[in-house]
Amino acid sequence: MADRTFKITPLIWAGFGAILFLLALIILPLMALLWRAETPAALGAADLAAVRFTLLQATLSAGISVALAVPVARALARRRFFGRGLLITLLGAPFILPVIVAVLGLLAVFGRGGIFSEMLGWIGLPPVHIYGLHGVVLAHVFFNLPLATRLILHGWLSIPAERFRLAASLGFGPRDVARVLEWPMLRSILPGAFMVIFLICMTSFAVALALGGGPKATTVELAIYQAFRFDFDLGRAALLAGVQFAMGAVAAGVMLWVSVPHAMGAGLDRTVERWDDAAGWLDALLLVVAALFLIVPLGMILIDGLPYVLSLPTSVYTAAGRSLVVALMSMALSTGLGLLLALLVVRLQRGAVLVETIGYVTLAASPLVIGAGLFILLFPVVDPVALALPITALVNAAMSLPFALRALVPAVREVEGTYGRLADSLAMNGWVRMKLVLWPRLRRPLGFSAGLAAALSMGDLGVIALFSDPDRATLPLQMYRLMSAYRMDQAAGAAVLLLGMSLFLFWIFDRGGRADADV
Amino acid sequence: MLTFDNMRITQGDFSLSADFTVQGGEILAVIGPSGGGKSTLLNVVAGFLEPTQGRVLWNDLDMAGMPPGERPVSILFQDNNLFPHLTVTQNVGLGLRPDLRLSAEQITQVDAALERVGLGGYGTRKPAALSGGQQSRVALARMLLRGNPLVLLDEPFAALGPALKGEMLELVSELMGESGATLMMVSHDPEDAKRIAGQTVLVAQGLAHAPVETGEIFKNPPEALRAYLGDMKSI
């Protein structure tokens, strides 16, 4: 009830603490970089090229993903077939798929010696050039076509069935249905979908690291890495960090403005019943191609890697152990911060939007900027390399926080709305309320957030690359090293291990939240 | 004794005033058109809303600023009176200790309360395994254990069938008789009022009228009540 006086409980204090912590995590590293930049650097030609390339690849990736997703989503929306549910579930998988694993899979298909290039050879065509712009865009489309499809499918299914029935009774053809029903829906969904993907591709690092590089295919994020790691040119790193942050902030601002549709929504198992005829074979062909595009690279990894999973070098298994620890730390931090912020957002009467926005700002922040800044801040006090793993966990946690908030804020709001007054009337406050009301009612979203945070951290190849100490490598980094050394069999083995661990972490936490939960 | 001393609450366009006293041990029905402010009146007493002006007193205690859980008040809402993830024993035990650290003696008290409402042996079940009527009984058992001198019912039995609702009202009236508590009960149905309430408060057009003898008010309804009841001469 809005009229009750607002009481500052310890949990609220902790929520404000979490906000300060987040702000510090975003701002302090940036300031540290600027402070350590000795020469006031200016953007050179290479830096401008990096900015141009970043924007170009993000625009192409988002545009192609969304454009391809429209017909695929339409086919999924109107066709019912065996395995449809599985395909939709599969569309959610790339989200927790480690980037470096997918890159290896794409190399196995589209690389110089990949099966697709071989097939092109049969008809006398040269192999695909996977390194450079092509490869970066290809990998981004691989990751984001499924996301775009889910977003748009959600839009399709949100058109009430009655409308289609009305359209049929008025004798609409496919063209009329598209104009009157589908186009308005797409117009409201597509800008948001485009912007989400644009932002994801803009801050993407691992794809650019593995498939880009060189003066023609360097993203800003990759340039920061190179300035920091190879040249230790802090001035340039700081300047690029500022550029990256500004671009991220603008993109995030546009994204908030166009409002992003929900992708996590349930109920995608429905189909739209419609009466206007459309070519079935075309939909079938589309779905088969889209499914193959997703499945074949992963299948190739399994085929290439499974025989080697149990006979990898010891360094790979120790790296896997380190990754597991980092993933669990990140999971605890992300879920804890997410819960504190969600509680704060729901309790606050004024400023709730601001607090929630701060939680989402990490979407625009660059993990490499945070990592490099923390490195500089810690350098006078302690050897930052010794803290490589905790820093990685911390940055991973901040990066998965927006997803935790997306799951937790509505859930906390729901619990407080339904049981808040009952708990108030029984004097269940503070810790007791947390333990007896919120915790049991929030287990599902908490489990989901925890699983997501753990899986994302497990597969992340970002900050850890800055430190790149062989004794502190995580599994994704170790796998990248094997790839760079052209030990592709072992890399595929490590990829299978990494993939298995990521999926398992997500599954076990998500499942833990569902088990024994009373509705 | 519950006193509304020149109480007035304003929420946007809506406002509700009350200025009367309810004697201790009274069973009071609160009736009136929906949107008239019945629930608002109860929420002010329960502490979910604070009056904009005036006071609400229990005996000599001014309840201004007291959080809901600290008031001498038990309230049953229209729905969600039980936590679905807690067992019946735990839901009832919340009436004794909000942190559920129940002593052996308190568990015995919980069992006795369940026995009293006719649910002996149901302690280990979860609410989902109970019928609507049984869920209401669990909430009543908890109310019994809280032992607050003022009880508010915001139509908790509205979803039950007529026979079951009657049964619940009888049980409530018995429990009130045993504990001597004061009851304020919101209802849409004049029959509910006539069944157990000695006095009735009419809430309409932003005003909670002073309580009147229930038999009296239906025999000779004031204008506002007549408008609400419509052409129901037989009542």
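Because the model is predicted, local features need pLDDT of at least 70 and side-chain atom pairs count only at pLDDT 80 or more, while totals for chains, interfaces and linings use all residues. Residues are numbered from 1 along each chain as its sequence is written, with chains lettered from A and ligands numbered from 1 in the order in which they are written.

To start with the chains, 21 residues from chain A and 22 residues from chain B make up their contact (two residues are in contact if their C-beta atoms, placed from the backbone, lie within 7 Å). On the chain B side, 13 residues are nonpolar, five polar and four charged. Here Ala, Val, Leu, Ile, Met, Phe, Trp, Tyr, Cys and Pro count as nonpolar, Asp, Glu, Lys and Arg as charged, and the others, Gly among them, as polar.

Next come the helices (DSSP runs of H or I, at least four residues, numbered from the N terminus). In chain A, helix α2 (residues 45–78) packs against helix α12 (residues 280–305) with axes 9 Å apart and an angle of about 115°; axes are lines fitted to C-alpha atoms over the stretch in contact, and angles run from 0 to 180 degrees between N-to-C directions. That makes α2(A) and α12(A) roughly perpendicular (65 to 115 degrees). Pro71(A), Val72(A), Ala75(A) and Leu76(A) of α2(A) meet Asp283(A), Leu286(A), Leu287(A) and Ala290(A) of α12(A). Seven of these contact residues are nonpolar, none is polar and one is charged.

Further along chain A, helix α20 (residues 475–484) and helix α21 (residues 488–514) cross at roughly 160°, their axes coming within 8 Å. α20(A) and α21(A) are therefore roughly antiparallel (over 145 degrees). From α20(A), Leu475(A), Pro476(A), Gln478(A), Met479(A), Leu482(A) and Met483(A) take part, meeting residues of α21(A) that include Gln490(A), Ala491(A) and Leu498(A). This contact has 10 nonpolar, two polar and no charged residues.

Finally, Phe194(A) sits in helix α8 (residues 174–202) of chain A. Phe194(A) counts as buried because it has 21 C-beta neighbours inside 10 Å (the cut-off is 20 or more other C-beta atoms within 10 Å of its own, placed from the backbone). Setting aside neighbours within four places in sequence, Phe194(A) is in contact with Ala62(A) and Val66(A). Leu498(A), listed above in the contact of α20(A) with α21(A), lies 304 residues from Phe194(A) in sequence and 29 Å away in space, C-alpha to C-alpha.

Methods:
Helix = DSSP H or I, 4+ residues; strand = E, 2+ residues; numbered from the N terminus. Parallel < 35°, antiparallel > 145°, perpendicular 65-115°, else oblique. Buried ≥ 20, exposed ≤ 12 C-beta atoms within 10 Å, placed from the backbone.
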